[in-house]
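Biologist: I am new to this structure and would like to learn how to read its features one at a time. Could we begin with the strands, please?

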Amino acid sequence: MSSAAALDQFHALWIEFDILMEIVFFILFFCSQSFAQNICERIFQSSEHSEHVISEAESRVLARAKTPDKDFGNKIMVEFDRQHQTAIYYPRGTKRIHRQSVARMLVLHSLGAMSSRALSMRQALRVLTDFDGAKGSMAKMMREQFADIRLSAEAVDFIGSGDGPSLDGFPSIKEAADWLASLLIEMKRQSPDIPIFILAKSGTPAIASETNIRHPGLIAGLIFDSATEPGNFQQLKAGSDRVLKIATEDETLIPNIPVLDWSDRILSEVHWAPEHFTIPTLNMIGGKDREMTAKEIADYQQLAQTNPLFRHIFFPDSGHGVLGGNDLEFTPQVPPPGPTKKELALPAWQTVFRFIQEVLDQQPKK
């Protein structure tokens, strides 16, 4: 066979293969859309959320389906931690522990939404660690203003979310706090002289603070973004019901119902009294957060007045997630000519970096 004939045959085979792949892709896409639609219908037809409405496994499949694949590989690296049965994410182009780091940050995503997966916090990871950010980016602005704060940061899929461990084995907040402490202990083993901060959002701040109570000495400082106040089951349940209501208005939000039920239960086991905060804690909330109640705001203000370690900052124009980024839960659309999401998030990020600097300045000199 001549080379020309062989090449023609190869082209023909390649075209057939390409057509076959397109058919396969269409079938997979159709099936995933049908699966998602089926689950959505089951959610919205239910008047009261229950773990029987949508399974933990189904919620994980949806989380993966809704996460843009392009954010793997070219932006985010992922490793699976077999010891803790979870995925660990960190920005591509960085190391998990940079040799010039003055601190490490463990980033915890929110619990209740379908986007409950560490990859939803990918922009936070990049703002914290990207030292070569594009001009005008949030990361670049932080580098210019806080050049001395070089951080290593990573995020994990939390219990019941993404590729994190199953809810089985975590009947109370104690087990969840101990699991988180185990992650921190391993981080300490890797870099014993580098302080560790936790950046937690929505439902995870309560677990992060309980971890510090049960395992003191592991965490240098806590940073809360739109924290859910623990302690009152009915208040927590009402918050979860609001999530379901919002989900009926926003087709991009598919609640992680098993985790909502679980978090309502375990977060009701602890109460944030002033003495609960024994390390510097930064609590940031937005005035347009549809998940935040007037009672929570008043309680946070009272905590700040009675415990100087608890710092409460209110951003009147921000929604749920004052740091902005890719976790879009319940963030109201800002009509023009209002501020952009970056403009809203800038003062919150500046507050975070100032807080980190202040805590590091108070650390014992080595």
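Modeller: Strand E6 (residues 221-225) runs parallel to strand E7 (residues 281-286), and the two pair over four bridges. Strands here are DSSP runs of E with at least two residues, helices are runs of H or I with at least four, and both are numbered from the N terminus; two strands pair if DSSP finds at least two bridges between them. This is a predicted model, in which local features need pLDDT of at least 70 and side-chain atom pairs count only at pLDDT 80 or more, while totals for chains, interfaces and linings use all residues. Residues are numbered from 1 along each chain as its sequence is written, and side-chain values use heavy atoms, with hydrogens and water left out.

Biologist: Which residue in E7 is the bridge partner of leucine 222?

Modeller: In general, strands of a sheet pair through backbone hydrogen bonds, either parallel or antiparallel. Here the partner of leucine 222 in E7 is threonine 281.

Biologist: In what order do the eight strands of the open sheet lie?

Modeller: The order is E1-E2-E4-E3-E5-E6-E7-E8, with mixed pairing. Strand E1 (76-81) and strand E8 (310-315) stand at the edges with a single partner strand each, so one side of each has no neighbour in the sheet.

Biologist: How many aromatic pairs does the structure hold, and how should I read one?

Modeller: Rings of Phe, Tyr and Trp (its six-membered ring) pair if their centres lie within 6.5 Å, and planes under 30 degrees apart count as stacked, over 60 as edge-to-face and the rest as tilted. The structure holds 11 such pairs, among them the edge-to-face pair of phenylalanine 197 and phenylalanine 355, at 6.5 Å centre to centre and 75° between the planes. Phenylalanine 197 lies in strand E5 (residues 196-201) and phenylalanine 355 in helix H10, so this pair ties together parts that are 158 residues apart in sequence.

Biologist: Are phenylalanine 197 and phenylalanine 355 buried or exposed?

Modeller: Buried means under 20% relative accessible area, exposed over 50%, and partly exposed in between (1.4 Å probe, protein chains only). Phenylalanine 197 is buried at 0%, and phenylalanine 355 counts as buried at 3%.

Biologist: Which other pair could I look at in helix H10?

Modeller: Tryptophan 349 and phenylalanine 353 both lie in helix H10, four residues apart, which is about one turn of the helix. Their pair is tilted, at 6.4 Å centre to centre and 50° between the planes.
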